[in-house]
Amino acid sequence: MVILGIDPGVERTGYGVIKVSKKTLKCVDYGCIFTDKSLNIPQRILELSKSLSKIIKKYKPKVAGVENIFFFKNLKTAVKVSEARGAILLTLAKNNIEMLEFTPLQVKMALIGYGRADKGQIQKMVKEILKLKEIPKPDDAADAMAVAICAVRQLKLV
């Protein structure tokens with residue numbers, strides 16, 4: 001089964017693709033969808049949706065884990081991330097992909113077992129769980145991989 005993890009954002013959205021077979025996890029792909037800063041928000045959201053659709057078409061995930069906004073420091077940023085999440089959720093629904101939502105706390109608990117784990121701890125655990133040579137870069141891609149692993153564990157696939 002192929003699982004897609006998504007760390008939403010307008011400027012960049014992290015994604016991670018994991019394949020689960022015979023109780024093992026394999027990293028298939030990861031990266032970020034970048035949107036053009038010169039475009040207005042509706043155009044950037046459309047760009048995000050089109051890019052996500054290409055990833056879905058290429059890897060054909062059955063399930064997607066999406067990070068939820070749990071807390072925020074800047075309302076303006078939170079609104080933009082919420083708009084991006086809306087586009088992501090719509091794109092997943094249009095492609096009939098089951099979606100699971102996770103707060104950052106849930107992701108940390110699933111990977112580390114500690115809700116106050118820092119980014120570095122999460123990234124190292126992603127590397128270890130997926131047996132990667134290095135931590136996925138940029139951070140948004142590593143976060144998306146963590147969300148995908150959380151989805152795998154929520155579904156009890158390993």
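In which strand is glutamate 67 found? Select glutamate 67 to begin: this residue lies in strand β4, where strands (E, at least two residues) and helices (H or I, at least four) are DSSP runs numbered from the N terminus. The model is predicted, so local features need pLDDT of at least 70 and side-chain atom pairs count only at pLDDT 80 or more, while totals for chains, interfaces and linings use all residues. Residues are numbered from 1 along each chain as its sequence is written, and side-chain values use heavy atoms, with hydrogens and water left out.

**Glutamate 67 and its surroundings**

With a relative accessibility of 17%, glutamate 67 counts as buried; the term means under 20% relative accessible area, while exposed means over 50% and partly exposed lies in between (1.4 Å probe, protein chains only). Display next the residues that glutamate 67 touches, leaving aside those up to four places away in sequence: Ile6, Asp7, Pro8, Arg85, Phe102, Pro104, Val107 and Val147. Contact here means heavy atoms within 4.5 Å. For valine 147, the C-alpha atom is 6.6 Å from that of glutamate 67, although the two residues are 80 apart in sequence.

**Helix α3**

Move to helix α3, residues 104–111. Its buried residues are Pro104, Val107 and Leu111. They lie on the same side of α3, because they cover an arc of only 60° around the axis; the arc is that of the directions from the helix axis to the C-beta atoms. The elements that cover these buried residues include β4 (63–67), β5, α4 and α5. Just after α3, select glycine 113, which has a positive phi of about 85°.

**α3 against α5**

Two packed helices are described by the angle between their axes and the distance between the axes. Axes are lines fitted to C-alpha atoms, for helices over the stretch in contact, and angles run from 0 to 180 degrees between N-to-C directions. The angle makes α3 roughly perpendicular to α5, given that 65 to 115 degrees counts as roughly perpendicular, under 35 as roughly parallel, over 145 as roughly antiparallel and the rest as oblique. The crossing of α3 and α5 is left-handed, meaning that the near helix is turned anticlockwise from the far one by less than a right angle; clockwise would be right-handed.

On the α3 side, show Gln106, Val107, Ala110 and Leu111; on the α5 side, show Ala146, Val147, Ile149, Cys150 and Arg153. These contact residues comprise 7 nonpolar, 1 polar and 1 charged. Ala, Val, Leu, Ile, Met, Phe, Trp, Tyr, Cys and Pro count as nonpolar, Asp, Glu, Lys and Arg as charged, and the others, Gly among them, as polar.

**α4 against α5**

Keep α5 displayed and bring in α4, residues 119–129. The axes of α4 and α5 are 9 Å apart, at an angle of about 65°, and this crossing is also described as left-handed. Lys119, Ile122, Gln123, Val126 and Ile129 of α4 meet Asp139, Ala142, Asp143, Met145, Ala146, Ile149 and Arg153 of α5. The contact divides into 7 nonpolar, 1 polar and 4 charged residues.

In the loop between α4 and α5, select proline 138. A cis peptide bond joins lysine 137 to proline 138, with omega about -5°.

**α1, α2 and tyrosine 59**

Select helix α1 (residues 41–59), which packs with α2 at an angle of about 40°, their axes being 9 Å apart. The crossing of α1 and α2 is right-handed. From α1, Ile41, Ile45, Leu48, Ser49, Leu52, Ser53 and Ile56 meet Lys80, Glu83, Ala84, Ala87, Ile88, Thr91 and Leu92 of α2. This contact comprises 9 nonpolar, 3 polar and 2 charged residues.

Within α1, centre the view on tyrosine 59, which is buried at a relative accessible area of 17%. Apart from residues up to four places away in sequence, tyrosine 59 touches Val2, Val17, Val28 and Asp29.

**Two loop residues with positive phi**

Lysine 23 occupies the loop between β2 (12–21) and β3 (24–34). Its phi is near 65°, a positive value in a residue other than glycine, and lysine 23 is exposed at 59% relative accessible area.

Finish at asparagine 96, in the loop between α2 (75–94) and β5 (98–102). Asparagine 96 has a positive phi near 55° and counts as exposed at 72% relative accessibility.
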